[in-house]
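Hello,

Here is the structure we talked about handing over. My notes follow below it.

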Amino acid sequence: MAKLLDKQRYKCALGAMQTVQAISRAIPILHSGPGCAQKLSDSTGSSGYFSPNIFPCTSINEKDVVFGGTKKLASTIENALKVIDADLYVVLTGCIPEIVGDDSGEVVSRFAESSKPVIYASTAGFKGNNYKGHEQVVNAIIEQYLKKSDSQEKIKGLVNIWADVPYQDLFWLGNLHELENLVAELGLTPNTIFGYEKGIKNIDLIPKAEFNLLVSPWVGLKNVKALEKKFGTPYLHYPTLPVGATETSKFLREVGKFAGVS
């Protein structure tokens with residue numbers, strides 16, 4: 001009897017390029033070997049504003065292992081800003097540059113004054129799988145892009161929704177849309193950063209939400225805790241995707257109770 005495979009096999013942390021590609025007009029810049037990049041692009045299955053096969057890569061080799069690849073990374077970022085029309089550039093590091101000690105963060109900091117934001121996430125494969133990489137990318141957005149303000153005004157009813165890792169569940173986008181619909185049924189305004197026509201404008205709204213809603217067993221928990229620490233935004237952790245009338249009813253009542261609405 002055939003079995004339904006509802007989750008793709010996970011990949012190394014550099015597979016977080018999927019997370020970046022799920023943000024409209026965001027582009028991953030890989031600081032890795034060419035083999036890593038090609039293998040991941042063949043297996044991501046992602047699509048959107050950019051083709052999954054369009055991404056700048058330093059393609060480091062033996063020479064870079066000996067002498068370091070920071071110059072090549074700086075050049076790759078500089079040229080990506082020139083030729084690729086994106087709103088957010090995210091540098092992702094592979095195993096090799098982290099083993100040899102390339103300071104990718106320092107290189108990225110040189111582009112702090114560029115017209116478009118450039119951030120980086122440590123996603124070496126030996127640090128974990130793409131669940132870990134996903135959290136690293138979101139954390140990079142929180143720590144490096146979003147700015148803390150003393151007069152950070154909250155938008156009444158605005159809720160950030162965080163759910164499954166993009167493209168890991170074949171139905172991830174449909175699940176996210178339905179979570180948005182359910183939250184809207186409560187009279188709240190959902191905000192998500194992943195999916196079509198979502199992007200930097202939605203990311204900018206993150207600090208203005210009244211609370212964060214995490215629908216996941218554990219992936220993303222570090223992120224909502226980081227948002228609470230930086231912006232004082234409380235979070236509701238709902239570990240189960242609501243499927244069916246009974247679970248959906250439980251979900252709506254739990255979110256409604258937390259939000260203080262009927």
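Helices here are DSSP runs of H or I with at least four residues, numbered from the N terminus. Keep in mind that this is a predicted model.

**Helix H10**

H10 covers residues 221-231. Just after H10, Gly232 takes a positive phi of about 70°. Within the helix, Asn223, Val224, Ala226, Leu227, Lys230 and Phe231 are buried. Seen down the axis of H10, these buried residues fall within an arc of 155°, so they line one face of the helix. An α-helix has 3.6 residues a turn, so residues three or four places apart point the same way. The face turned away from the buried side carries Lys222 and Lys229, which are exposed.

What covers the buried residues of H10? The cover includes helix H7 (130-145) and strands S4 (158-162), S6 (211-215) and S7 (235-238).

**Cavities**

A search of the whole structure gives 2 cavities of 30 Å³ or more. The largest cavity holds about 120 Å³ of space. Its lining has 14 residues, and His134, Trp162, Ala163, Asp164 and Phe194 lie nearest its centre. H10 comes up again here: S4, helix H8 (172-185) and H10 are the elements that give two or more residues to the lining of the largest cavity. By class, that lining has 10 nonpolar, 3 polar and 1 charged residues.

**Second largest pocket**

The volume of the second largest pocket is about 210 Å³. Its lining has 14 residues. Nearest the centre of this pocket lie Ala112, Pro117, Val118, Ile119 and Gln144. Which elements give two or more residues to the lining of the second largest pocket? They are helix H6 (104-109), strand S3 (118-122) and H7. The lining residues of this pocket divide into 8 nonpolar, 4 polar and 2 charged.

**Thr93**

Thr93 is found in strand S2, residues 88-93. Is Thr93 buried or exposed? Its relative accessible area is 2%, and buried means under 20%, so Thr93 is buried. The side chain of Thr93 makes a polar contact of 2.5 Å with the side chain of Glu98.

Best wishes

Note on methods
Residues numbered from 1 in each chain as written. Predicted model: local features only at pLDDT ≥ 70, side-chain atom pairs only at ≥ 80, totals over all residues. Heavy atoms only, no water. Buried < 20%, exposed > 50% of the residue type's maximum accessible area, 1.4 Å probe, protein only. Polar contact = N/O pair within 3.5 Å; in protein donor to acceptor, adjacent residues only side chain to side chain. Arc of directions from axis to C-beta. Contact = heavy atoms within 4.5 Å. 1 Å grid on protein atoms, 1.4 Å probe; cavity = no way out; pocket = protein on both sides within 12 Å on 5 of 7 lines; lining within 4 Å. Points joined across faces, edges and corners; volume = space filled by probe spheres on them. Nonpolar A, V, L, I, M, F, W, Y, C, P; charged D, E, K, R; others polar.
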